[in-house]
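Please open the model in a viewer and keep the selection panel at hand.

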Amino acid sequence: MALEDSHVRRAAHLARIAVSDDQASSFVDDLSRILDMVDQLQSIDTEGVIPLSHPLDATQRLRADEVTETNQRDNFQRCAPAVEEGLYLVPRVVE
Amino acid sequence: MQWETVIGLEVHVQLATRSKIFSGASTAFGAEPNTQACAVDLGLPGVLPVLNEQAVAMAVQFGLAIHADIPEVSVFDRKNYFYPDLPKGYQTSQMYHPIVGAGEVEITLDDNTTKCIRIHHAHLEEDAGKSLHEDFHGMTGIDLNRAGTPLLEIVSEPDMRNAKEAAAYLKAIHSIVTYLGISDGNMAEGSMRCDVNVSVRPKGQEAFGTRAEIKNVNSFRFVERAIAFEVERQIELIEDGGKVVQETRLFDPERDETRSMRTKEEANDYRYFPCPDLLPVVLDQAYLEHLRSQLPELPADKRARFQTELGLSAYDASVLSASREMAEFFEEVHRVCGDAKQAANWVQGELAGALNRESLSIQNSPISAQQLGGLIGRVLDDTINGKAAKQVFQALWNGQGSSADEVIEAKGLKQVTDTGAIEAMIDQVIAESPAQVAQYRDSEPEKRGKMIGYFVGQVMKASRGTANPQQVNGVLKAKLDALL
């Protein structure tokens, strides 16, 4: 699939990354080359190969269900731009 | 045209772990805002998630309870979107390799027939925080205490055909998770939340119609009402020549309607990918067998056993197995008194009525299963009659006495079965009621059966309710008829 400016802008918007017009066209070239490589990979027969979900050959360790954290609200909220009644305040979002 | 409704449900169940799914912060409900949101829950740079073993165990228990496939490997993915109550910018979820595969849930309908609803899969994910849109000088307040609470999302196949079935399914899920003890199932506190997918199609057509998804329907009653409204809306729309659009709608319980949520198209582009911070979860057979061996008897099995082993009706079995607390109470009453039918009658009759009147749940019943079983035992062995039993019940309910025997003794309610004593009382009543005796004698034979009630009442009164009413009835009839 040929990549277009609009695809790059859409991806940038979804990731909330600011991209200028010049950057957008250079990303079109970079990303197109990556997609070409993906196309190359697509031509390989992967029948019977288990999809790799993580590069490490290990499995997830689990932790015991215990409360180990204490209330650090004051510390965390020191770097928040606005707080009130223990809540973080953000620009109004309406559903 | 005849229409058929097609419904599928996505149920989010908060798992009753002590700590969060990926952090050691507490999940306790109702804490001061943000006092249970740690660095991992806040998505601060440099933190890593570590999976809670209890969340895994609970999800697997659910899978075993619905006879689902439990794949050996499951994988966590990132669901990417921006919203202030999700500070990481993604929700850790399971898109491609969920922990629980296909299974099935049996539901009981109003006519006591059962139906199987297939489960597509169930996956683990983390809950988001809460946004408070009240007045914060035009800003929104964010409480992240709930962020990171483990959720099991249970996705059904579109197997339900009306609102009643959907409500029955939600009840069945509720009873399974509470039996297992993996969730408190408290819908008012949001421990169980439900998204409903609804579409309609002409009866007989195989292809599904376009569906609407109704978000956050948070009670059994709302599920029925939201579906009823939505089905009518879709049918009217189509019959008026319109088309149902695939969209997300919100149920408004106050106006009893669903409304379109204006969502941008891109909002649904979640760009899932495997979470690099979490390794695949591998469950071996021995672990599954260990969990299987710890499963309690589940509602559907209990219901079947109540019918086959205890001889209860389908209705009784269904009511008494609906919640684990109810079933355990009933089983204890039955163990103590030895008569399943009587135990069922008392639990669903006198006890349920009294609990209802005072808005109490069975866990908070002032009368214990042992006390109620003891009371029924005294009715069964003829120590007291039915009327006295109600008095004993009331006394125990009010905390007057620790056992039925104690109340019977203290109140002198022991049934009089001594024929001599009963005959003496009857003779006295007859002697004191010449007018009624004359009336009895002069009336048509078929009306006498009714008239005898007066005499029975007088004798019961004379015995302060302790005479055996059947016995009184028999002796009275014989004595009155002898006067004819």
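How many residue pairs are in polar contact between chain B and chain A? The count is 21, with both residues of each pair at pLDDT 80 or more; the pLDDT criterion applies because this is a predicted model.

**The side of chain B that touches chain A**

Select next the elements of chain B that each supply at least two residues of the side touching chain A: helix 1 (39–42), strand 2 (51–52), helix 2 (53–65), strand 8 (130–136), strand 9 (139–143) and strand 16 (281–282). Strand 9 of chain B gives the largest share of that side, five residues. Colouring by class will show 29 nonpolar, 14 polar and nine charged residues on the side of chain B that touches chain A.

**The whole interface**

Now display both partners. Chain B brings 52 residues to the contact and chain A brings 35 residues. About 4100 Å² is buried between the two chains, and carbon and sulfur atoms give 60% of that area.

**Strand pairing across the chains**

To inspect one position, select A:Pro91, whose bridge partner in strand 9 of chain B is B:Met139.

**The salt bridge**

Which residues form a salt bridge here, one from chain B and one from chain A? Select B:Asp269 and A:Arg10; their closest N and O atoms are 2.8 Å apart. One salt bridge is found across the interface of chain B and chain A.

**B:Asn80**

From B:Asp269, move to B:Asn80, which is in contact with B:Asp269. B:Asn80 is located in strand 4 (residues 77–80) of chain B. Is B:Asn80 buried or exposed? B:Asn80 is buried, because its relative accessible area is 11%, and the cut-off for buried is under 20%. A polar atom of the B:Asn80 side chain lies 2.6 Å from the backbone oxygen of B:Arg271. Beyond four places in sequence, the contacts of B:Asn80 also include B:Gly89, B:Tyr90 and B:Phe273.

**B:Gln36**

Finally, select B:Gln36, in the loop between strand 1 (3–14) and helix 1 of chain B. B:Gln36 is buried, with a relative accessible area of 13%. The side chain of B:Gln36 has a polar atom 3.4 Å from the backbone oxygen of B:Ser26.

Definitions and conventions:
Residues are numbered from 1 along each chain as its sequence is written. Chains are lettered from A and ligands numbered from 1 in the order in which they are written. This is a predicted model: local features need pLDDT of at least 70, side-chain atom pairs count only at pLDDT 80 or more; totals for chains, interfaces and linings use all residues. Side-chain values use heavy atoms; hydrogens and water are left out. Contact means heavy atoms within 4.5 Å. Buried area is the accessible area (1.4 Å probe) that two parts lose on being put together, summed over both. A salt bridge is a side-chain nitrogen of Lys or Arg within 4 Å of a carboxyl oxygen of Asp or Glu. A polar contact is a pair of N or O atoms within 3.5 Å; within protein, one must be able to donate a hydrogen and the other to accept it, and residues adjacent in sequence count only if both atoms are side-chain atoms. Helices (H or I, at least four residues) and strands (E, at least two) are DSSP runs, numbered from the N terminus. Ala, Val, Leu, Ile, Met, Phe, Trp, Tyr, Cys and Pro count as nonpolar, Asp, Glu, Lys and Arg as charged, and the others, Gly among them, as polar. Two strands pair if DSSP finds at least two bridges between them. Buried means under 20% relative accessible area, exposed over 50%, partly exposed in between (1.4 Å probe, protein chains only).
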